[in-house]
Amino acid sequence: MKVFFDRPTKEELIDVLHYFFLNETDYKSLQEINIFKLRIALNIFKILKREIRQEDKLIKKLEDLSLELFNKKISSKNDLTKMIKNKELDRARVEDFLFQLAKEKLLIDNPAYLED
């Protein structure tokens, strides 16, 4: 089923804003502090774009991993928190899951973090 608000998509909106700030801004007229702030904003747009593009794939990957490790689908932090709090999980499996989750989040935040 299509989302009610199907056009423009959230990815298209982010792309337009990113393009505007990257290509339509007159850097020569900005003060140094504003250039710094603009660079931060552009980095945020890059993170958002990676998150949006990889969202479905990442959710599926983590659901598959949770099924593999825990024999049940963990679809939210709240689910995982409750299971840890109730000591329903094997510690080593939780560590494996959290390690993989952290790795996936780092790939979204900045793929260069995990380069050799």
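**Exercise 1. Locate His18 in this predicted model, classify it as buried or exposed, and state which residues it contacts beyond its sequence neighbours.**

*Solution.* 
Step 1. His18 belongs to helix α1, which covers residues 10-23.
Step 2. The relative accessible area of His18 is 11%. The cut-off for a buried residue is under 20%, so His18 is classified as buried.
Step 3. With neighbours within four places in sequence set aside, the contacts of His18 are Leu42, Phe45, Lys46 and Lys49.

**Exercise 2. Describe the largest pocket: what is its volume, which residues are closest to its centre, and which elements contribute to its lining?**

*Solution.* 
Step 1. The volume of the largest pocket is about 480 Å³.
Step 2. Its lining comprises 18 residues, and those closest to the centre are Leu58, Ile59, Leu62, Leu101 and Lys105.
Step 3. Two or more lining residues come from each of α2 (32-70), α3 (77-85) and α4 (91-109). Helix α2 gives the most, with 8 residues.
Step 4. By residue class, the lining of the largest pocket holds 10 nonpolar, 2 polar and 6 charged residues.

**Exercise 3. State how many helices and strands the protein chain contains, and compare its radius of gyration with that of a compact globule of 116 residues.**

*Solution.* 
Step 1. The protein chain has 4 helices and 0 strands, and its pattern along the sequence is α-α-α-α.
Step 2. For a compact globule of 116 residues, a radius of gyration near 13 Å would apply, whereas the protein chain has 19 Å.
Step 3. The C-alpha trace spans about 60 × 40 × 25 Å along the principal axes of the chain.

**Exercise 4. What percentage of the residues is buried, and what share of the contacts with a separation of 6 or more joins residues 24 or more positions apart?**

*Solution.* 
Step 1. Of the 116 residues in the protein chain, 22% are buried.
Step 2. Among contacts with a separation of 6 or more, 56% are between residues 24 or more positions apart.

Conventions
Residues are numbered from 1 along each chain as its sequence is written. This is a predicted model: local features need pLDDT of at least 70, side-chain atom pairs count only at pLDDT 80 or more; totals for chains, interfaces and linings use all residues. Side-chain values use heavy atoms; hydrogens and water are left out. On a 1 Å grid over the protein atoms alone, a cavity is a set of points where a 1.4 Å probe fits but cannot get out, and a pocket is an open set with protein on both sides within 12 Å along at least five of seven lines; lining residues have an atom within 4 Å of a point. Grid points are joined across faces, edges and corners, and a volume is the space filled by probe spheres set on the points. Ala, Val, Leu, Ile, Met, Phe, Trp, Tyr, Cys and Pro count as nonpolar, Asp, Glu, Lys and Arg as charged, and the others, Gly among them, as polar. The radius of gyration is taken over C-alpha atoms; the globule rule is 2.2 Å times the number of residues to the power 0.38. Buried means under 20% relative accessible area, exposed over 50%, partly exposed in between (1.4 Å probe, protein chains only). Contact means heavy atoms within 4.5 Å.
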